[in-house]
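Visitor: I have not looked at this structure before. Could you take me through it with some questions and answers?

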Amino acid sequence: MAENETLECITEHERILQEIESTDTACVGPTLRSIYDDQPNAHMRFMEKLDARIRNHDREIEKMCNFHHQGFVDAITELLKVRMDAEKLMGQVTDTNQRLQEAGKEVTAQTVEVIRCRIQQRNMATTVEKLQLCIPVLEKYSKLKEQLESKRYYGALKTMEQLEKVYIPRVSQYRFCQIMAENLPRLREDIKEISMSELKDFLESIRKHSDKVGDAAMRQAQQHRTFNSAIAKQANVGHYTRPLYSVNGQTHTQTSLMMEDDAEDEDADEEVLTAQDLVDFSPVYRCLHIYAVLGDRETFENYYRKQRKKQARLVLQPQANMHETVEGYRRYFNQIVGFFLVEDHILHATQGLVTRAFADELWNMALSKIIAVLRTHSSYCEDPDLVLELKNLIVIFADTLQGFGFSVNRLFDLLFDIRDQYNETLLKKWALLFREIFELDNYSPIPVETEDEYKLVVSRFPFHDAEIEKQDFPKKLPMSQSVPQIYMQVKEFIYASLKFSESLHRSSTEIDDMLRKSTNLLLTRTLSCCLQNLIKKPYIGLTELVQIIINTTHLEQGCRYLEEFITNITNVSPETVHTTRLYGLSTFKDARHAAESEIYTKLNQKIDEFIQLADYEWSMAESEGRASGYLMDLINFLRSTFQVFTHLPGKVAQTACMSACKHLSTSLMQMLVDTDLKQISMGAIQQFNLDVIQCELFASSEPVPGFQGDTLQLAFIDLRQLLDLFMVWDWSTYLADYGQPTSKYLRVNPATALTLLEKMKDNNKKNNIFSQFRKNDRDKQKLIETVVKQLRSLVNGMSS
């Protein structure tokens, strides 16, 4: 155990010694302290160990000194040799110093002269320095004068600022600088007044240039819109090309019109000038910078905005006759566009002079005024071409301003109001066209001599009839010339209505709905009214009415082709939900019914004209043995008329024939019971009977096919039974069977029989003055009186 402890102690002392030898002296304290903190008397053993280490190091030092001793002796010997050379060198240096002192006496003598020159040189440098400080001030002031003379006021203000803050303070002690400083505020005021005067001149001149600026911008927008439209049209050419149609007597297709539009715009392909090219904005920039430098920018901004508001109100005032020509509208729009393009340029070229809020406020005020002006002046337009050009101008106007960030939705809403007015002007124009077509029509079937003529008609109107196509040329088409003309004009109307719908930024469905609604108005209001008026024209006879009915039938059949035509234009399927249908069917049906009614009326009027030619001798003793001439003429007229009616569709001819026979029967009956007719003889009754027989023969000859049995003859049954009663003088049967369904004279009215019998009685009294002396005549007279009494009792019974 003791041996182990001794080994550990020795090892620890070795470690401590190595640490002392390798550690900085300042850090030895903790190491030594650890010796005393260990076992008691450990430091004694450490001291012994330390002494042994010191002795060891001393021996090593001694060995090293013994090793280097010879080198030390050699170095001392060498040093002694050097001392002799040093003494020799010292003598040489002393000799050189003496010679140098002798040579420096002349330099010392010139030192005073050098000092005097140095003082002069320093004074000259000071003078140059002061002059160099003054020369920039003078140069800047001279530059200021040049800037003022050349009207470079913003630079002049910058020069003044440099003079005040940099140059003048450096030489402020001089009198001329004080004078400069006093003149600078006055120069600032002069610049301020001059710049404001230039701004006023600019505001005055911009009113004259606004028209040119707006015209350039709108032409540029027009070129852009035309280019986009041409690309869109070329993309759609493969889908659909407009069929031929006529405008002002010239034939066009959609493709040709597009080429014409492009040709018209070639003249506008010249370089379009911008607002910067047409207007010199430097006065605004100068004035703005000047006022900003002078710290009075707010005053300048308020003045500028106030003046521009006044100018805006002046620009928005239209000329009184603006609505008369498209150039009036163009100038109005150019001025407005030019005004707001100037504002837009100022907005982006300056910071804060025109803010977006101010521009929007000014635009909203202007927009309300523009809409009111356009709504008022457009209401005076009666020419649809002018309204269409106005629409195109509004679209270009809106596109131009929209491209500069202005909201134009309200303008497109206005276009919808103008569209209604445009449709109204179109309807008025087409009403004149329809009336002209109707007036020039000959109301006879279209003759076609060759196949080319036939193809020309079919190309203008979708006519298809297998039977007619099989016929050889020459042949006739059932409708008259007005049908293809009306059909083409309806298509022209659709094109004209479509022109307004273009560029309104609306979907194909909305455009399709607009076209269908406007076409419905054309059919149901304009064309219907023209047809109704045509039918009422006094020069329109029965033949013309028949042709009108045939024409309306074909136009009605063509309505579905018009729907297909609209579908091809808009590419909107007719099966689309909420698609408006054309009301042409009802229009042409109503016109056809009116024509039919007019046929019935005119036919009855013609019958009345023939009836007025009747000249019966009511007191004749015997009949002439043949029918009256007027009646035969009437029957011949009816027969020829009803031959024309065979072309009428449906039961129109049958209805007309039945109506004519009934009217003829009623007129003949009215002739017998007329109050102006006081007396009638049996001979007249017989003559009248012959006329009625001719009417019945006419009815039985089936003037119009389709009647069943004796249907047409029943129109004269009342006359026939009345005349049979008087011809046979079968009063006993009549009175006995009166009121019975099986009565032979069921259709004879007692009042009618009584009226006619009284007229015969009065005639017998007049013609048989001496009848009271003959028994047969007395009996007959008594019989008549008896029948009259019985008929009166029947009439009274009916009335009660």
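Predicted model: local features only at pLDDT ≥ 70, side-chain atom pairs only at ≥ 80, totals over all residues.

Guide: Residues are numbered from 1 along each chain as its sequence is written, and side-chain values use heavy atoms, with hydrogens and water left out.

Visitor: How many helices and strands does the protein chain have?
Guide: Helices (H or I, at least four residues) and strands (E, at least two) are DSSP runs, numbered from the N terminus. Counted this way, the protein chain has 28 helices and four strands.

Visitor: What percentage of the residues in the protein chain is buried?
Guide: Buried means under 20% relative accessible area, exposed means over 50%, and partly exposed lies in between (1.4 Å probe, protein chains only). Of the 800 residues in the protein chain, the buried share is 40%.

Visitor: How far apart are the end C-alpha atoms of helix α12?
Guide: The expected span of a helix is 1.5 Å times one less than its number of residues. Helix α12 (residues 356-378) has 23 residues, so it should span 33 Å. The model agrees with this, as the end C-alpha atoms are 31 Å apart.

Visitor: Which helices are among those covering the buried residues of α12?
Guide: The buried residues of α12 include F358, W363, I370 and H377. What covers the buried residues of this helix includes α10 (297-315), α11 (326-349), α13 (384-402) and α14.

Visitor: Is I76 buried or partly exposed?
Guide: I76 lies in helix α3 (residues 42-103). Together with F72, V73 and L80, I76 makes a nonpolar surface patch of about 370 Å². Such patches are made of residues with over 30% relative accessible area and no salt bridge: like charges are joined within 9 Å, nonpolar side chains (Val, Leu, Ile, Met, Phe, Trp, Tyr) within 5 Å. The relative accessibility of I76 is 40%, so I76 counts as partly exposed.

Visitor: What separates D512 and R516 along helix α18?
Guide: A salt bridge is a side-chain nitrogen of Lys or Arg within 4 Å of a carboxyl oxygen of Asp or Glu. D512 and R516 form one, at 2.8 Å from N to O. D512 is buried at 2% relative accessibility, and R516 is buried at 0%. Because they are four residues apart in helix α18 (residues 508-536), what separates them is about one helical turn.

Visitor: Which helices hold E758 and R792?
Guide: The side chains of E758 and R792 form a salt bridge of 2.7 Å, N to O. The pair ties together parts that are 34 residues apart in sequence, because E758 lies in helix α27 (residues 750-767) and R792 in helix α28 (residues 775-799).

Notes. Areas by Shrake-Rupley, 256 points an atom, 1.4 Å probe, with all protein chains shown as cover. Contact = heavy atoms within 4.5 Å.
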